[in-house]
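Let's take a walk through this one, a few helices at a time. Have a look at the fold first, then read on.

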Amino acid sequence: MAGINDTTSFYNGHGSPSLFWELTICQSLAEQGSPYQAALRRPQPYGGLLAGFLVQELGLRANWSVVEVGGGTGALMAALLAEVPLTDLTMVDISPLFTARQRAALAGRGSFRFVTADAVQHFSASGRVVDLVISNENIGDFPTVTGIQRGELEAAVRPGGDAASPLGQVAEIVRRYRLPLGDAPERFHFNLGAVRYLEALAPVARRVFLSEHSCDPVLPEPYRFLPLPAGDGYPREIPLKGHSEYTVHFGHLARVAAALGYRVRRGHLAGLVGLRTDPGLQAMARTRTTFSETTELVHEFCGHVAEYQWMTLENTDPPGPNRRER
Ligand SMILES: C[S@@+](CC[C@H](N)C(=O)[O-])C[C@H]1O[C@@H](n2cnc3c(N)ncnc32)[C@H](O)[C@@H]1O
């Protein structure tokens, strides 16, 4: 029987969320001089690296309207603002605790908007077209339908099936976007919340940057040495303190985004952060040693970054909030 993984109550105040237990790529690289930065060609906080990437890849400019979703401690945005001094910035986060931390981290940098809300609800209701949405390492937290049996999906779309149930919604999405499930295992998980998020963004976001743990990562040539966890190509549970996340099927998301009118590009996060590829780094990636704290942390970082992908979406002329119906 299919179930649903929902992290809402963990993040919105009842679960005392902390990034300490799940050290995100952004948090690992947040402090200038962090030992994890020894893995990079040009050590820099993640927000600074992302700023350079967004300028090059999407043409980010200081006068753009930008929304960061799920900004955690605010570290990404604080470092990004040091490179690109945005003036029209909104931070949207489901967690009041993280909203408060973002306010503190960005205090004195401008009069920004801070919204405590679920991202899908926010964009469905906002009615404002924005130049860029940044969504770093949070779509794996959005609702995932778990333990789907392939036969169950067909039953969900037959007359008398419950179209509004999580399973009914997945069946409808698979049909609408022609998602190929021929390679799916007998039981699989589906990133329902991530798809609903793209649908909410499409009418109002000109550009989107996403990054997350991926279940179908493509490792480009210089990074083939990275150790990928075993998997079946479909979302995998990542159990964490007080909640679970799921890896994201970027192939499915790319198809949905293209059907929604976006030009889609995707790549590996190792390239975005400028992971070193020299023999010393490759040795540290392969073997866990307790030779020094740095070698151990670099090993951990390589294992962590291995399954991360980024995706950029561009549609500089989105239909607008009043034409959301398809
Ligand atoms: C794993 S943390 C990532 C934090 C930060 N972006 C980083 O990379 O370190 C997930 C963040 O997304 C937020 N979040 C989770 N679900 C959300 C939702 N449905 N809507 C908005 N924010 C959400 C959490 O409160 C938290 O700030």
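Which residues in helix 3 meet which residues in helix 4? Keep in mind that this is a predicted model. From helix 3 come Tyr46, Gly47, Gly48, Leu50, Ala51 and Leu54, and they meet Leu76, Ala79, Leu80 and Glu83 in helix 4.

Now for the geometry of that pair. Two packed helices are described by the angle between their axes and the distance between the axes. Here, the axes of helix 3 (residues 46–58) and helix 4 (residues 75–83) come within 7 Å and cross at roughly 55 degrees. Angles between 65 and 115 degrees would count as roughly perpendicular and those under 35 as roughly parallel, so helix 3 is oblique to helix 4. As for handedness, helix 3 passes helix 4 in a right-handed crossing.

Move along to helix 5, residues 96–105. At its start, serine 95 puts a side-chain oxygen within 3.2 Å of the backbone nitrogen of leucine 97. Further in, Phe98, Thr99 and Gln102 are buried. Look down the axis of helix 5 and its buried residues fall within an arc of 105 degrees, so they line one face of the helix. An α-helix has 3.6 residues a turn, so residues three or four places apart point the same way.

Last stop, helix 10, which spans residues 250–259. Its buried residues are Phe250, His252, Leu253, Ala254, Val256 and Ala257. So what covers the buried residues of helix 10? The cover includes helix 9 (192–201), along with strand 7 (187–190), strand 8 (207–213), strand 11 (263–268) and strand 12 (308–314). Just after helix 10, glycine 261 takes a positive phi of about 105 degrees.

Technical notes. Residues numbered from 1 in each chain as written. Predicted model: local features only at pLDDT ≥ 70, side-chain atom pairs only at ≥ 80, totals over all residues. Heavy atoms only, no water. Buried < 20%, exposed > 50% of the residue type's maximum accessible area, 1.4 Å probe, protein only. Helix = DSSP H or I, 4+ residues; strand = E, 2+ residues; numbered from the N terminus. Arc of directions from axis to C-beta. Polar contact = N/O pair within 3.5 Å; in protein donor to acceptor, adjacent residues only side chain to side chain. Axes fitted to C-alpha atoms, helices over the stretch in contact; angles between N-to-C directions. Parallel < 35°, antiparallel > 145°, perpendicular 65-115°, else oblique. Left-handed = near helix turned anticlockwise from the far one by under 90°. Contact = heavy atoms within 4.5 Å.
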